[in-house]
Amino acid sequence: MFWNTKLECMPKEDLRSLQYRELKSLVNNLYSFNKFYHDRMKAQNVHPDDICSLSDASKLPFMYKQDLRDNYPTGMFTASNSEVVRYHVSSGTTGKPTLVGYTRNDLEYWTEALARSLTSVGIGNNDTMQISYGYGLFTGGLGLHYGAERVGATVLPAGTGSTERQIELIKDLDVTAIACTPSYLVHMGGVAKKMGIDFRRDTSLRKAVLGAEPWSESMRNHIESEMGIKAYDIYGTSEMAGPMFTECEERNGVHMAGDIVYCEIIDPDTGENLESGQKGELVVTMLKKEAMPMIRYRIRDITSIDEEECACGRTSPRISRISGRSDDMLIIRGINVFPSQIEYTLMQIPQLAGHYMIIVTREGALDRMVVQVEIKEDAFSDKVEDMNRLRAYVETQLKKYLNIAAEVELKAPGELPRFEGKAKRVVDKRVI
Amino acid sequence: MMSDDGLITQLSIFVNNEPGRLAYIASVLKDCGINMHAFNLAESADFGILRAVVDDPEGSYSKLKAKGIIVKKTEVIGVLIEDTPGALFKAADVFGKAGINIEYGYAYSGKKASVFYIRVSDPGKAVEVLRQNGVRIMSSGEIRWGI
C-alpha cells in the first residue's frame, strides 16, 4: 500500500534529478535572501554556480545545532511571522532552548511524510491509533497526531503518563496501533501484566510505531513475542520537522523520502563524504523547508545509507538503525539531554563544588539517571534535613532545565573522579 | 579545657554512603589518635553524618581537616541521666515545658552514669533552663575524666 505512489516509487534517476532541482533552487534562494547562509557560503568560498550536480552538495557548508542556539530565537527563520504557523521547542544545552518554526507548507510535507510512513506499515482509516508521545513543545505528539488523522485513523491523543488509564483505553476503545517510545511500550506491558491484562488476549493492539530514543532488535523481539505487537522504527528530529520516516513492512531500514530530504553520510572527524553503505554521521538537507531551512545539517546520529531499491517497491534511500552519536547527547526516556545542560544547571548552584558524574541505567523498561554532585565544604550541615533540602533543590533545578527527573546524590568534596584531559563524566550502563 | 558554659563541641563528619566509607573514616580517626566517647550515625539514601563527642575537639578538628575530611563543629549539651526508669522523662519534660526543640540526640551509657547528648535550637537557653530545674549537665572537662 502506498500513500503517494508516484513519489514513493519514482525511478531512482528521476528522484535524483528531482533532488538536484530542489537543492539548486534552495541554494539559489538562500544565497540571495538568507544572510546567515549567504555568509556561510562566502566563508567557504562556494557559490550557487558551483552546484552542478547532486553530489556537488558536498561542497556546501554544514549547519550545526550551535547555529540554532546562536541565532535563538528566530534568527535562522526565512519566513515572516505572518507565514509561520507553529513553533516547537526543545531544551537547549546552556539553559537556552532551541526553537523550530513551521509554515503551513512545512506542516503539510511533515504530515504527508507521516501519512506515507503510516501507510507503509499498514496503518489506515480502519485503525484506532493512540498517540502516547508528549503533546506540546515536543514534536512527537502533534506530529504523529496529524499524520494519523491524515490517513483517516481514529486518533486517541493520550499523551504521556497515566499508564493504567492508557491501558484501559487501549482495551475499551479497541486501539489497534500506538505511537510512543519503545521503552514506554515495554513499561506498559509490565503495568498491564500487573492489571491482569494480556495485550495479545485482551486488546486489539497489533502495531507500534516506536522512536525518539535508540532501541534494538532484541527490544523488537521482546515486544513482539511478549506483547504480540509488531514494532516499527520511526526517525526524525525537530530540526527536520519532527518524527517523519519509518520502516516499511519489510523492516529493512527507515525510508527517507527523497523528495523531502537529501541524506549524506560523512566521516564525523574529517567531514568527508563516505561511500553508500559505510557507517558515519547522517547529514540532512531538507528540500522543502520554508520557515527554517536546513542545509547539510549535522544531526550527529551515526548510521549508514542503503541505496538499493527496497522489496516494498519504494525507491527512497533507507538508513540503518542509529547505532550511536558523534557527540555526547544522551536520550533519557525519549528526552534529549546534553551533559553540558546538566553542568550549566549545577554551576548555578553556589553550594556545589563543580565536579559531577552522570550515571544512566535502565531498570525494567525505564531509564534512570543519577547525577552525583560534590558539595562545597561550607555547604555541609550536620542536619540531615538541611542536606536533604539541598539535594531536593538540585533535583528541582535539574528537572526545570532538563524537563526530566534526575536523582541527585550528594558527595563530599574530592569524592568524585578527577580527569586529566577529556573528562568522562557520563557512565551509561544501559543495555538496549 | 574546662568551661562551665555547659556546651560540648561535637564533630560532625560527612560520610558518603558507599561500602567501606565508614571504615575509611574510622581508620582516619584511628590514625589521628582520636578517641570517641559517643557517636551517632545519621543517614540518608546517599550520605551519612557521623556525629561524635571526642576528647579534644579542637585538635581533632584540625587533624581531620588536614586529612581532607569534611568536618564541622557543633555545640551540643550532655545531659547526665541517672540509670533509673523515668530519668529521660525528667529531662525531656523540662524541655517540653520551656519550649525547647530537640533537633537530634543520642545516648551514651557509661559505667557510672548515662549521658544524653542533644542538639537544640538554642543551646545557651537550654543550659540555663536545665540548670534552673536541677538537671545535671556535663562540662566538656568531664568527658576527659570519663564517666
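Modeller: One term before we start. A residue is buried if 20 or more other C-beta atoms lie within 10 Å of its own, and exposed if 12 or fewer do. Note too that this is a predicted model.

Colleague: Then take helix 2 of chain B. Where do its buried residues fall, seen down the helix axis?

Modeller: The buried residues of this helix are Pro57(B), Ser60(B) and Leu64(B). Seen down the axis of helix 2 of chain B, they fall within an arc of 65 degrees. So they line one face of the helix.

Colleague: Which exposed residues does the face turned away from the buried side of helix 2 of chain B carry?

Modeller: The buried side packs against strand 1 (8–16), helix 1 (21–31), strand 3 (47–54) and strand 4 (71–81) of chain B. The face turned away from that side of helix 2 of chain B carries exposed residues. They are Glu58(B), Lys65(B) and Ala66(B).

Colleague: Which residue takes a positive phi just after helix 2 of chain B?

Modeller: Look just past the end of helix 2 of chain B. There, a phi of about 80 degrees, a positive value, belongs to Gly68(B).

Colleague: Which element of chain B has the highest mean pLDDT?

Modeller: Chain B averages a pLDDT of 85, and 95% of its residues score at least 70. The lowest mean among its elements, 66, belongs to helix 5 (residues 140–145) of chain B. The highest, 93, belongs to helix 2 (residues 57–66) of chain B.

Colleague: What is the radius of gyration of chain B?

Modeller: Chain B has five helices and six strands. From the N terminus on, they run β-α-β-β-α-β-α-β-β-α-α. The globule rule gives 15 Å for 147 residues, and chain B comes close to that, so it is as compact as a globular protein of that length. Its own radius of gyration is 16 Å.

Colleague: What share of the contacts in chain B with a separation of 6 or more joins residues 24 or more positions apart?

Modeller: The C-alpha atoms of chain B fill a box of roughly 45 × 35 × 25 Å along the principal axes. Buried residues make up 33% of its 147 residues. Among contacts with a separation of 6 or more, residues 24 or more positions apart account for 69%.

Colleague: Now chain A. What radius of gyration does chain A have?

Modeller: Chain A comes to twelve helices and 21 strands. Its C-alpha atoms fill a box of roughly 75 × 60 × 45 Å along the principal axes. With 432 residues, a compact globule would have a radius of gyration near 22 Å. Chain A agrees with that, at 23 Å.

Colleague: Which element supplies the largest share of the side of domain 1 of chain A that touches domain 2 of chain A?

Modeller: Chain A is divided into domain 1 (1–326) and domain 2 (332–428). Their centres, taken over C-alpha atoms, are 32 Å apart. Twelve residues of domain 1 of chain A are in contact with 14 residues of domain 2 of chain A. The largest share of the domain 1 side, four residues, comes from helix 8 (residues 182–194) of chain A.

Colleague: Which residues of helix 3 of chain A are exposed on the side opposite its buried residues?

Modeller: In helix 3 (residues 35–43) of chain A, the buried residues are Tyr37(A), Arg40(A) and Met41(A). They cover an arc of only 100 degrees around the axis, which puts them on the same side of the helix. These buried residues pack against helix 2 (12–33) of chain A. Exposed on the other side of helix 3 of chain A are Lys35(A), Asp39(A), Lys42(A) and Ala43(A).

Colleague: Is Lys424(A) buried or exposed?

Modeller: Lys424(A) is found in the loop between strand 20 and strand 21 (426–428) of chain A. It has 10 other C-beta atoms within 10 Å. The cut-off for this class is 12 or fewer. So Lys424(A) is exposed.

Colleague: Last one. How many charged residues are on the side of chain A that touches chain B?

Modeller: 14 residues of chain A are in contact with 14 residues of chain B. Helix 12 (384–402) and strand 20 (407–411) of chain A each supply at least two residues of the chain A side. By class, that side has six nonpolar and two polar residues. The charged ones number six.

Conventions: Residues are numbered from 1 along each chain as its sequence is written. Chains are lettered from A and ligands numbered from 1 in the order in which they are written. This is a predicted model: local features need pLDDT of at least 70, side-chain atom pairs count only at pLDDT 80 or more; totals for chains, interfaces and linings use all residues. Two residues are in contact if their C-beta atoms, placed from the backbone, lie within 7 Å. Ala, Val, Leu, Ile, Met, Phe, Trp, Tyr, Cys and Pro count as nonpolar, Asp, Glu, Lys and Arg as charged, and the others, Gly among them, as polar. pLDDT is the predictor's confidence in each residue, from 0 to 100. The radius of gyration is taken over C-alpha atoms; the globule rule is 2.2 Å times the number of residues to the power 0.38. Domain bounds come from an automatic or database domain assignment. The arc is that of the directions from the helix axis to the C-beta atoms.
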